[in-house]
Amino acid sequence: MGSFSSQYEDYYNNMLKRRKYDSFSSNGYNRKDLTKKLINTLKFQIVGTIILFLAVFAMREVSMPETKNTYEYCKYLLNENYDYGALIKQVETVNLNDVQNYVNQINFDNIEAKSVDYIENFKSKITGEETVDEKIESKYVVPVNGKIIRSFGGKNDHKGIDIAASEGSNVKAVYNGTVELVSQNSEIGKYVVIDNGDGVESKYGNLNSISVKKGDGVTKGDYVGKVGKEAEKEPSHLHFEIMYMGENKNPESYFNINTSAQN
């Protein structure tokens, strides 16, 4: 059981890094880039196969209906014989333009989200631990009290939510973690990103001051900065984002915040 959890977490963290620093884009790549992408994907899937082997051996030691069924299915997959030589020859004849057109029609974000949810639920059944969604809903706290004045998404694809709060209000870390980034940009001004573990990151923007630095450890409820005001005509507010596996999620799905929103 311990071996399975350890190997799972390593693969899980690699998925997060790959999602953040090597995310797939359907625009602006050429045939060479796509070929390299396919090769890198194949390499990554080989790592996944190794994890599958380890998972099979681990599940043999866990006597549960779920692990028994999964073990039998994994064993079936691993025992299948595939003619990789013939597959490679077939791939060499593929028209990459056709592949690109096909790829453009696929919603990879939706596929990835469903896959990650499935893995999380499966892991939860085996380990008895909460899923990440359950953990955020039950153990995380709101960063600041106030009403939502701008929601997630919308026509401008807002990456988080804006919570109205008095200028200078303290902003709290929503959960334990490590400060991953302290920076500033033209969109959300001064901001802080915290790695909360389990593939979860939280971002706090539109700050007029920051009280932490990169590498600092924080505890749930610690102050990370103070609410700012980006423009004279705009109300003072906190810009808040929650990310899972490098993908922005709607904070309203997890946090109970008073809502009076406009996009």
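Student: What relative accessible area does Ile 210 have, and how should I read such a value?

Tutor: A residue counts as buried under 20% relative accessible area, as exposed over 50%, and as partly exposed in between, with a 1.4 Å probe and protein chains only. Ile 210 has a relative accessible area of 28%, so the residue is partly exposed. Bear in mind that this is a predicted model, in which local features need pLDDT of at least 70 and side-chain atom pairs count only at pLDDT 80 or more, whereas totals for chains, interfaces and linings use all residues. Residues are numbered from 1 along each chain as its sequence is written, and side-chain values use heavy atoms, with hydrogens and water left out.

Student: Where is Ile 210 found, and which residues does Ile 210 touch?

Tutor: Ile 210 belongs to strand β6, where helices (H or I, at least four residues) and strands (E, at least two) are DSSP runs numbered from the N terminus. Contact means heavy atoms within 4.5 Å, and, leaving aside residues up to four places away in sequence, Ile 210 touches Val 182, Lys 190, Tyr 191, Val 192, Val 224 and Gly 225. Asn 170 is 40 residues from Ile 210 in sequence, and their C-alpha atoms are 10.0 Å apart.

Student: What do the totals say about the chain?

Tutor: The chain has seven helices and ten strands, and buried residues make up 34% of its 263 residues. Among contacts with a separation of 6 or more, 65% come from residues 24 or more positions apart. The chain exposes about 15,900 Å², of which carbon and sulfur atoms supply 48%; accessible areas come from the Shrake-Rupley method with a 1.4 Å probe, and for residues only the protein chains shown count as cover.

Student: How many aromatic pairs are there, and by what rule?

Tutor: Rings of Phe, Tyr and Trp (its six-membered ring) pair if their centres lie within 6.5 Å, and planes under 30 degrees apart count as stacked, over 60 as edge-to-face and the rest as tilted. By this rule the count comes to four aromatic pairs. In one of them, Tyr 140 and Phe 255, the ring centres are 6.5 Å apart and the planes stand at 65°, so the pair is edge-to-face. Tyr 140 lies in the loop between α7 (132-139) and β1 (148-150) and Phe 255 in the segment after β10 (247-249), so this pair ties together parts that are 115 residues apart in sequence. Tyr 140 is buried at 9%, and Phe 255 is buried at 6%.

Phe 255 also pairs edge-to-face with Phe 240, at 5.5 Å centre to centre and 85° between the planes. Phe 240 sits in strand β9 (residues 237-244), 15 residues from Phe 255, and is buried with a relative accessible area of 0%. Ring pairs link Tyr 140, Tyr 175, Tyr 204, Phe 240 and Phe 255 into a cluster.

Student: Which residues of α7 are buried?

Tutor: The buried residues of α7 are Val 132, Lys 135 and Ile 136. Seen down the helix axis, they fall within an arc of 95°, so they line one face of α7; the arc is that of the directions from the helix axis to the C-beta atoms.

Student: What is the salt-bridge partner of Lys 135?

Tutor: Side chains of opposite charge can pair when their charged atoms come close. A salt bridge here is a side-chain nitrogen of Lys or Arg within 4 Å of a carboxyl oxygen of Asp or Glu, and the count comes to five salt bridges. Lys 135 meets Asp 198 at 2.8 Å, N to O; Asp 198 lies in the loop between β5 (189-197) and β6 (200-210), 63 residues from Lys 135 in helix α7. Asp 198 is partly exposed at 30%. Another salt bridge joins Lys 159 and Asp 157 at 3.1 Å, N to O, with Lys 159 partly exposed at 39%.

Student: What is the phi of Asp 157?

Tutor: Most residues other than glycine have a negative phi, and most peptide bonds are trans. Asp 157 has a positive phi near 50°; it lies in the loop between β1 and β2 (161-164) and is partly exposed at 44%. Met 245 likewise has a positive phi, about 55°, and lies in the loop between β9 and β10, where Met 245 counts as buried at 2%.
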